[in-house]
Amino acid sequence: MFKVQTLNNISVHGLERLPRERYEVASEISSPDAVLVRSADMHKLDIPASVKAIGRAGAGTNNIPVAALSKRGVAVFNAPGANSNAVKELVLAGMFLAARNIPQSLDFVKKLEGDDKAMHVAVEDGKKKFVGFELPGRTLGVIGLGAIGVKVANAALELGMTVYGYDPAMTVQNAWQLNSGVRQALSVDDLVSKSQFISVHVPLLDATRGLINAERLKLMPKKGVILNFAREAIVDEKAVIESLDAGGLHAYVCDFPSNALKGHPRVIATPHLGASTGEAEDNCAVMVADQLREFLELGNVRNS
Ligand code: MLT
């Protein structure tokens with residue numbers, strides 16, 4: 001019998017991949033052989049010596065002390081690409097929200113008071129206040145052309161945008177998926193200076209911390225939009241606020257609730273919802289459960 005500890009709610013479709021005759025799966029379990037985790041921070045946990053493998057039901061592994069575990073011989077699996085459609089859809093939603101000033105206009109409508117005549121006046125007022133812009137002909141720069149970045153770039157192209165991509169470490173598999181209409185930027189600076197919208201799709205590493213900083217924001221065309229559905233620290237929030245306040249950026253769209261950004265009228269923030277669809281949760285859980293099972297039962301290491 002293999003023992004698997006779950007540290008977060010893991011989709012039942014994933015758990016069903018671990019047959020009851022051979023697996024005991026529970027959130028509290030002694031001497032587990034493996035752990036299934038979504039976003040729990042494992043850096044702060046004592047990981048029992050019995051653990052041979054960890055499965056992360058998501059793409060990023062920065063909540064797991066991978067280097068330390070590797071030294072102990074613990075295998076760490078993730079689910080690359082399994083939630084990429086969900087993230088892509090939220091990025092596209094973010095572009096529309098920013099371009100049409102939707103959060104501000106929803107807020108405006110919620111606060112309306114008065115009779116029908118007052119509402120009529122408010123409509124005229126709103127029309128003047130919230131004039132937006134359309135996406136065709138605008139330029140999107142995608143930094144990081146992994147499973148998510150490629151989907152975002154291809155979808156933006158279909159919306160009629162001009163799309164630049166930059167990824168010096170792109171895999172052949174992802175290159176095959178990328179629409180040939182996506183132009184290649186020469187560097188991050190080159191991409192930033194050409195793009196009114198920038199979407200980051202890179203993992204958080206020393207090299208990507210603060211990738212979008214004050215210097216790079218100055219290179220961007222005026223009234224730009226930064227989209228960050230990757231990791232909070234990839235974008236320097238202080239620099240973003242300064243740029244928003246100085247009339248540089250039009251909006252910052254991100255998937256992180258942060259005290260620094262809270263209440264800013266042109267920040268659109270969601271609470272890390274990129275991968276939060278039933279479909280993505282199922283896909284991620286199934287992918288990592290299959291990997292854990294193959295590893296525990298056959299000793300195979302597969303990460304896709
Ligand atoms: C990811 O890395 O894919 C996301 O953080 C997944 C999640 O929201 O759990």
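**Close-up views of a predicted model**

View 1. Residues are numbered from 1 along each chain as its sequence is written. Helices (H or I, at least four residues) and strands (E, at least two) are DSSP runs, numbered from the N terminus. Helix α6 covers residues 147-158. Its twelve residues should span 16 Å at 1.5 Å a residue, and the end C-alpha atoms are 17 Å apart, which agrees. The expected span is 1.5 Å times one less than the number of residues. Buried residues of α6 are Ala-147, Ile-148, Gly-149, Val-150, Lys-151, Val-152, Ala-153 and Ala-156. A residue is buried if 20 or more other C-beta atoms lie within 10 Å of its own, exposed if 12 or fewer, and partly exposed in between, with C-beta atoms placed from the backbone. The cover over these residues includes α3, β6 (139-143), β7 (162-166), α7 (172-177) and β9.

**View 2. The open sheet of seven strands.** The strand order is β8-β7-β6-β9-β10-β11-β12, and the pairing is parallel. β8 (183-184) and β12 (267-269) stand at the edges with a single partner strand each, so one side of each is left without a neighbour in the sheet. Two strands pair if DSSP finds at least two bridges between them. Strands β9 (residues 197-200) and β10 (residues 224-228) pair in the parallel sense over four bridges. In that pair, Phe-197 stands opposite Val-225 of β10.

**View 3. Strand β4 and its partners.** Strand β3 (residues 34-37) runs parallel to β4, and four bridges join the two. Ile-54 is the bridge partner of Val-35. On β5, the pairing with β4 is also parallel, over three bridges. Here Gly-55 stands opposite Phe-77. In a regular strand the side chains alternate between the two faces of the sheet. In β4 (residues 53-56), Ala-53 and Gly-55 point one way, Ile-54 and Arg-56 the other way, and all are buried. β4, helix α2 (residues 66-71) and β5 make a right-handed β-α-β unit. Right-handed means that, with the strands pointing away from the viewer, the path from the first strand over the helix to the second runs clockwise.

View 4. Asn-83 sits in the loop between β5 (75-77) and α3 (84-99). It counts as buried because it has 25 C-beta neighbours inside 10 Å. Leaving aside neighbours within four places in sequence, Asn-83 is in contact with Gly-58, Ala-59, Ala-275, Ala-280, Asn-283 and Cys-284. Contact means C-beta atoms, placed from the backbone, within 7 Å. Gly-274 is 191 residues from Asn-83 in sequence, yet 8.2 Å away in space, C-alpha to C-alpha. Around the ligand are Arg-38, Ser-39, Gly-58, Ala-59, Gly-60, Asn-83, His-272 and Ala-275, each with its C-beta atom, placed from the backbone, within 6 Å of the molecule. By class, this shell has two nonpolar, five polar and one charged residues. Ala, Val, Leu, Ile, Met, Phe, Trp, Tyr, Cys and Pro count as nonpolar, Asp, Glu, Lys and Arg as charged, and the others, Gly among them, as polar.

**View 5. Helix α3.** α3 has 16 residues and reaches 23 Å from first C-alpha to last, close to the expected 22 Å. Its buried residues include Val-87, Leu-90, Val-91 and Met-95. Just after α3, Asn-101 takes a positive phi of about 50°.

How values were computed. This is a predicted model: local features need pLDDT of at least 70, side-chain atom pairs count only at pLDDT 80 or more; totals for chains, interfaces and linings use all residues. Two residues are in contact if their C-beta atoms, placed from the backbone, lie within 7 Å.
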